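Q: Hi! Could you walk me through this one, starting with the core and then the helix packing?

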Amino acid sequence: MTIKSEPFVVNIGPQHPSTHGVFRLRLTLDGEKILDADMVMGYLHRSMEKLAEERTYTQNIPFTDRTDYLAAMTGNLAYVQAVEKLMEIDVPERAKFLRTIMAELQRIASHAMAIGIFANDCGAWQTPVMHMFRDREKILDLFEMACGARLTLNYMRIGGVSKDIPPEWMPMAKKLLKELPKRFAEYEDLLLSNEIIVARSRGIGVLTPEQAMAYSVSGPMLRASGVAWDIRKADPYAAYDKLDFKIAVGTNGDVFDRFVVRLAELRQSLYMLEQALDLMPSGPVHERVGTSTVQPWGQAVAPLAFRPPVGEAYARIESPRGELGYYIVSDGGPAPFRFHIRSPSFINLTPLKLMSVGATVADAIVILGSVDIVVGEVDR
Amino acid sequence: MTTFVTGLEIAHLIDGKFPGAVEDAQPEFAVVKPEKLVEALIWLRDDDDHWYKFLSSLTGVDRIDWFEVAYHIESFKHNRTTTLKVRSNDRENPSVPSAVPVWEGAQLQEREAYDLLGIRFEGNPDLRRIFLWEGFAGFPLRKDYLNMPGGQMAGLERFPGEPGVELSGRGTE
């Protein structure tokens, strides 16, 4: 006797802890096996690209905080670099180092969250996340000292950064850098050999190097597939050309390797930060742009409005999630004619169907967790 | 450092392989004719001297007189990047060939350009709206979406109080 069965549709999300925000995954199942995976997104769509066309270049910087809200510094950095490329502005050396330091601190904070939440998805309910929050908290304190905000930072400006760090910042940062290696060793001990994590993530959601490249996957996901491509190395921006580091590369391209690559990148970021703090020169942190004013103590302030030349620029950086690019078209007006965000969270979702078809429902949660999406950046 | 292959250089290369395929070339980009686009992209992807295996970004732009799609492509092997474009002059129903047969990574990005700008990608297997729902009226990123009273297009002409620019209307003596 055969039992008649038919495909069954399950909605994961939009309100579900494993979707990391308001994102919906529509799975067609045969028993526990996934036959089809359809993504439904747009619940957080704010049409930033349209809004930006009616605001000046400086007014658009806060939007870049609100795309990837777990890595606002790198969002700022990618955008201001695109405008600087368009206007051919050279940034003072100290500002370049400050940008690099902030971007790397942000990477540690963001990767820590990614690792903690991934362990959460694997079933280690909340404890790893709280451990990660402990370190992230200290990094957010450093951000607060530098710019007054903790989440939506709005720190960088076209031509430099908004303000220099206060004198007490350096000792605090150095103290944190001394503490972190011990913590990272603890995470590696607790998570890397954890039987449940290994069992749930080995050999799941595999992307070959060819597939990863064809599907425009970037960042830790691309490197986990064995492609040693890091924009910080291949096309150094800010002060990365003066820093030494190694690219963390995986071999199998599965969920476990993505997690290992992120853990390894924590160590590399720390290594870069140690060098950058020693090498940081003194001097101004802002270049004069257009009609920018100079304050009595000699610091240039970014102007609210200026007109870049007619043209277009595409600038990309290595954000914690992958290649974050800003494409800006200028018609010579005070606002961008076209403002496009190439967001890694969104594009890294392209192979989700490829990775999940044939896997089980429980695997789909882990696969989505390994992509490390931020829905603010997916929908924009 | 990544070398940027200028639009003029890449236009010269494409024109050498596919005579007459290039429509326009600027230092920043080269414009390829739509009927030759997929052929040219496949050649750039597979040829050992180019090897543009990675589609970095795909963007639709409303240029008012025409629609264009910009492809920022990257070659990991040679550490090169370049920009290609394709244009569509049809204001009502713009359509360009799909790049999905070349790079699967174009899939979601083409859906995004279709959703927000209404550019149809011929050959895309799954061209549906992505952020907005089916039945949403209009395409928000088009320049003529929700025009101001008097037919003026939305967008910032001049920032109020911008130095060096005369204010007209309210605010002047």
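**Core, contacts and helix packing**

A: The largest nonpolar core has 154 residues, and A:Ala82, B:Ile14, B:Ala30 and B:Val32 have the most contacts inside it. A nonpolar core here is a set of buried Ala, Val, Leu, Ile, Met, Phe, Trp, Tyr and Cys residues joined through C-beta atoms within 7 Å. This is a predicted model, where local features need pLDDT of at least 70 and side-chain atom pairs count only at pLDDT 80 or more, while totals for chains, interfaces and linings use all residues. Residues are numbered from 1 along each chain as its sequence is written, and chains are lettered from A and ligands numbered from 1 in the order in which they are written.

Q: Switching topic: how many residues does each chain put into the contact between A and B?
A: Chain A gives 39 residues and chain B gives 34 residues. On the side of chain A that touches chain B, the elements giving two or more residues include β10 (311–319) and β11 (322–330). That side has 16 nonpolar, 11 polar and 12 charged residues. Ala, Val, Leu, Ile, Met, Phe, Trp, Tyr, Cys and Pro count as nonpolar, Asp, Glu, Lys and Arg as charged, and the others, Gly among them, as polar.

Q: Now helices. How do α4(A) and α11(A) cross?
A: The axes of α4 (residues 93–122) and α11 (residues 255–279) of chain A come within 9 Å and cross at roughly 155°. That makes the two helices, α4(A) and α11(A), roughly antiparallel. Angles under 35 degrees count as roughly parallel, over 145 as roughly antiparallel, 65 to 115 as roughly perpendicular and the rest as oblique. Axes are lines fitted to C-alpha atoms, for helices over the stretch in contact, with angles from 0 to 180 degrees between N-to-C directions.

Q: Which residues meet there?
A: Among them, A:Phe97, A:Ile101 and A:Leu105 are in α4(A), while A:Leu266, A:Met272 and A:Leu273 are in α11(A). The residues of this contact divide into 15 nonpolar, three polar and four charged.

Q: What about α11(A) with α14(A), parallel or antiparallel?
A: Roughly parallel, for α11(A) and α14(A). Helix α14 covers residues 361–371 of chain A, and the pair packs at an angle of about 30° with axes 9 Å apart. The contact is made by A:Val255, A:Arg258 and A:Phe259 of α11(A) and A:Val366, A:Ile367 and A:Ser370 of α14(A).

Q: Is A:Arg380 buried or exposed?
A: Buried, with 24 other C-beta atoms within 10 Å of A:Arg380. A residue is buried if 20 or more other C-beta atoms lie within 10 Å of its own, exposed if 12 or fewer, and partly exposed in between; C-beta atoms are placed from the backbone.

Q: Where is B:Asn79 found?
A: In the loop between β5 (67–75) and β6 (80–88) of chain B. Phi of B:Asn79 is near 50°, also a positive value, and B:Asn79 counts as partly exposed, with 14 C-beta neighbours inside 10 Å.

Key: Two residues are in contact if their C-beta atoms, placed from the backbone, lie within 7 Å. Helices (H or I, at least four residues) and strands (E, at least two) are DSSP runs, numbered from the N terminus.
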